[in-house]
Amino acid sequence: MEINIDELPYRVGGLLYTPALNKTIAGKLISGEIKALTSLVFCLEDSIMDDKLEDAEKQLKKSLSELANVDVKLPLLFVRVRTPKHMARIHEFLGGLENLLTGYVLPKFDLDNADEYISLIKEFNIMREKRLYIMPILESKAVADIQNRVAIMEKIKQKLDSARQFVLNVRVGGNDFSNMYGLRRSKEQTIYDIGVIKDILVNIINVFAKDYVVSGPVWEYFGSDENGEWADGLRREIGMDLINGFIGKTAIHPTQLPVIFNSLKVSQSDYEDAKNIADWRTEGFAVSKGAGGDRMNEVKCHLRWATQILTRAKVYGVY
């Protein structure tokens, strides 16, 4: 089924990281044993020791070769590279297997590497039938710097705008930002309880969310019980993500995925109000009572919200 290009950034959902050295991941994808998996990234960066990088690249190629020979529905697949030069090398190394990918994840994306990455993704898409995307991660010290933060973000956005059709979404590195200040949240807290990190995230939303889907930072706790403290904390943080404008979440463990997927569903009342706003029928009036009878819907103010709600409902469903 052809996916609407406007929906694709929302379909990333919970992006599950796996080290590219993982020898079992292809089999798990083929058998469909990972629940609620919408997207997966083979990581060649932080999860791989430098002296094992070549082994990880060979295993990546082997995993993709296994997936190329089966007729099963796969999640969106990405590769996280280290640098622009590394991305160019992986492009050549994978050859035709790159067609299995939706794109590349770009760590520590800032003004030092933006031009190279953007030039490469434009080059990769020349004479290509299936579009290849990038997902830049904002997580560098330059982005966090309070003196120049917004100005740098604006310049980064201008560069991304020059290749906007190839930017699937913008991601943020919550743990990287926290590490700069020696901070870490507990299971009872959210990233928004860390004031200095919250300020950075708000700036990112302010600059990028007008034109891009921006995905929320990783939640570093997991477990087997979806009713456990770790899952309650993840739900709280996704709730804060959504109210602040982040859509989607980086995942580090498969047990996080069902929690993320279900948290991205929309409520029945939001869905009904969004439908009414998107298909406005109140003659002459730009305001009306919501489906629950306890809030105001104003088409001029809430149309963009309604569009996002309807897209999320189509992708993740209604609860």
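**Reading rings and a cavity in a predicted model**

Author: The chain has 13 helices and 10 strands, where helices (H or I, at least four residues) and strands (E, at least two) are DSSP runs numbered from the N terminus. This is a predicted model, in which local features need pLDDT of at least 70 and side-chain atom pairs count only at pLDDT 80 or more, while totals for chains, interfaces and linings use all residues. Residues are numbered from 1 along each chain as its sequence is written, and side-chain values use heavy atoms, with hydrogens and water left out.

Reader: How is a pair of aromatic rings described, and how many aromatic pairs does a search of the whole structure find?

Author: A pair of aromatic rings is described by the distance of the centres and the angle of the planes. Rings of Phe, Tyr and Trp (its six-membered ring) pair if their centres lie within 6.5 Å, and planes under 30 degrees apart count as stacked, over 60 as edge-to-face and the rest as tilted. Searching the whole structure gives 4 aromatic pairs. Among them, phenylalanine 109 and tyrosine 117 are stacked, because their ring centres are 6.0 Å apart and their planes stand at 25 degrees.

Reader: Are phenylalanine 109 and tyrosine 117 buried or exposed?

Author: Buried means under 20% relative accessible area, exposed over 50% and partly exposed in between (1.4 Å probe, protein chains only). Phenylalanine 109 is buried at 0% relative accessibility, and tyrosine 117 is buried with a relative accessible area of 0%.

Reader: Which aromatic pair is edge-to-face?

Author: Phenylalanine 261 and tyrosine 316 form an edge-to-face pair, with 5.0 Å from centre to centre and 75 degrees between the planes. Because phenylalanine 261 lies in helix H11 (residues 256-263) and tyrosine 316 in helix H13 (residues 299-316), the pair ties together parts that are 55 residues apart in sequence. Phenylalanine 261 is partly exposed, at 22%, whereas tyrosine 316 is buried, at 4%.

Reader: What residues line the largest cavity?

Author: On a 1 Å grid over the protein atoms alone, a cavity is a set of points where a 1.4 Å probe fits but cannot get out, and lining residues have an atom within 4 Å of a point. The structure holds 1 cavity of 30 Å³ or more, and its lining includes Tyr316, Pro9, Tyr10 and Ile247. Helix H1 (8-11) and strand E8 (246-251) are the elements that give two or more residues to this lining.

Methods: 1 Å grid on protein atoms, 1.4 Å probe; cavity = no way out; pocket = protein on both sides within 12 Å on 5 of 7 lines; lining within 4 Å. Points joined across faces, edges and corners; volume = space filled by probe spheres on them.
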